[in-house]
Protein chains: 2
Amino acid sequence: MKISKELSKGSTGMIVLSVISRSEMYGYQIIKTVEMMSENVFQMNEGTLYPILHALEKEDYLTSRWVESEENGRKRKYYKITEKGIKELASQKQEWETYSTAVGKVLTGELQTI
Amino acid sequence: MKISKELSKGSTGMIVLSVISRSEMYGYQIIKTVEMMSENVFQMNEGTLYPILHALEKEDYLTSRWVESEENGRKRKYYKITEKGIKELASQKQEWETYSTAVGKVLTGELQTI
DNA sequence: AAAGGATACCTTGATTATCTATGTATAATA
DNA sequence: TATTATACATAGATAATCAAGGTATCCTTT
């Protein structure tokens with residue numbers, strides 16, 4: 001990810017699940033899609049993405065299949081979300097909501113200090 | 001932090017700077033304050049906090065002093081934010097804003113896929 | 001008086017997410 | 001012909017956090 005430091009750790013799997021949940025995609029396309037949707041805030045690199053895809057598949061959140069491109073003969077590995085993945089995504093979104101709301105509360109100092 | 005997984009990685013330093021920016025505090029108090037302000041979402045453990053405090057001090061974002069408590073004789077190490085720390089906090093808040101907004105965009109799918 | 005829990009500091013070693021670098025290969029462009 | 005973009009992948013390094021352990025004092029309950 002481009003966003004400096006370690007801020008995005010932990011959310012990358014959710015981001016990947018999220019974009020795949022809208023349409024079957026291959027790895028390189030995921031990178032470009034996330035880049036575009038985040039307006040270049042997230043610039044995932046391949047060394048990050050591929051291990052995540054493999055892990056998500058191992059957990060049965062995704063399935064994959066090889067597809068030969070029609071324009072060029074290039075092979076692409078398409079990933080599709082599973083039912084289990086859809087549930088996991090919903091759970092992770094909920095957790096993200098809880099987390100980001102909590103950060104907001106601390107940053108804005110809604111409550112008083114002890 | 002209590003929030004499961006690794007979601008909060010990278011934001012802990014900012015959280016600490018943020019609570020200290022409102023008043024001088026000692027370590028244990030920081031943990032309790034963050035717990036309260038986040039409504040128990042963040043349950044920082046000591047093994048996380050103390051190394052962070054030392055690192056922030058080393059970077060001159062904080063200064064510390066030992067204070068003997070008046071109620072009981074217990075010694076506490078109070079941390080105070082510096083000018084440099086205030087600037088750093090502002091920068092990290094800005095980054096958090098960019099990051100969380102980007103996550104929101106990807107999750108809600110504001111734009112279309114390629 | 002003893003025991004346990006809360007307070008208060010700290011460090012070490014393990015875990016894990018991500019990055020950097022590297023590798024392979026093809027297609028399109030300059 | 002050389003470079004860039006596409007497309008997959010892995011290995012080793014880095015770094016944030018956690019789990020566990022250590023020391024010590026104070027307060028409350030038994």
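The model is predicted, with local features needing pLDDT of at least 70 and side-chain atom pairs counting only at pLDDT 80 or more, while totals for chains, interfaces and linings use all residues. Residues are numbered from 1 along each chain as its sequence is written, chains are lettered from A and ligands numbered from 1 in the order in which they are written, and side-chain values use heavy atoms, leaving out hydrogens and water.

In chain A, an open sheet of three strands has the order β1-β3-β2 with antiparallel pairing; strands (E, at least two residues) and helices (H or I, at least four) are DSSP runs numbered from the N terminus, and two strands pair if DSSP finds at least two bridges between them. The edges are β1 (25-26) and β2 (62-68) of chain A, each pairing on one side only. Two bridges link β1(A) to β3 (residues 75-81) of chain A in the antiparallel sense, and A:Tyr26 stands opposite A:Tyr78 in β3(A). Helix α3 (residues 46-58) of chain A packs on this sheet, touching β2 and β3 of chain A, and its direction makes about 120 degrees with that of β2(A). Contact here means heavy atoms within 4.5 Å, and angles run from 0 to 180 degrees between N-to-C directions of axes, which are lines fitted to C-alpha atoms, for helices over the stretch in contact.

In chain B, an open sheet of three strands is ordered β1-β3-β2, with antiparallel pairing. Because β1 (25-26) and β2 (62-68) of chain B stand at the edges with a single partner strand each, one side of each is left without a neighbour in the sheet. Seven bridges join the antiparallel strands β2(B) and β3 (residues 75-81) of chain B, and B:Glu68 stands opposite B:Lys75 in β3(B). Helix α1 (residues 12-22) of chain B lies across β1, β2 and β3 of chain B, running at about 95 degrees to β3(B).
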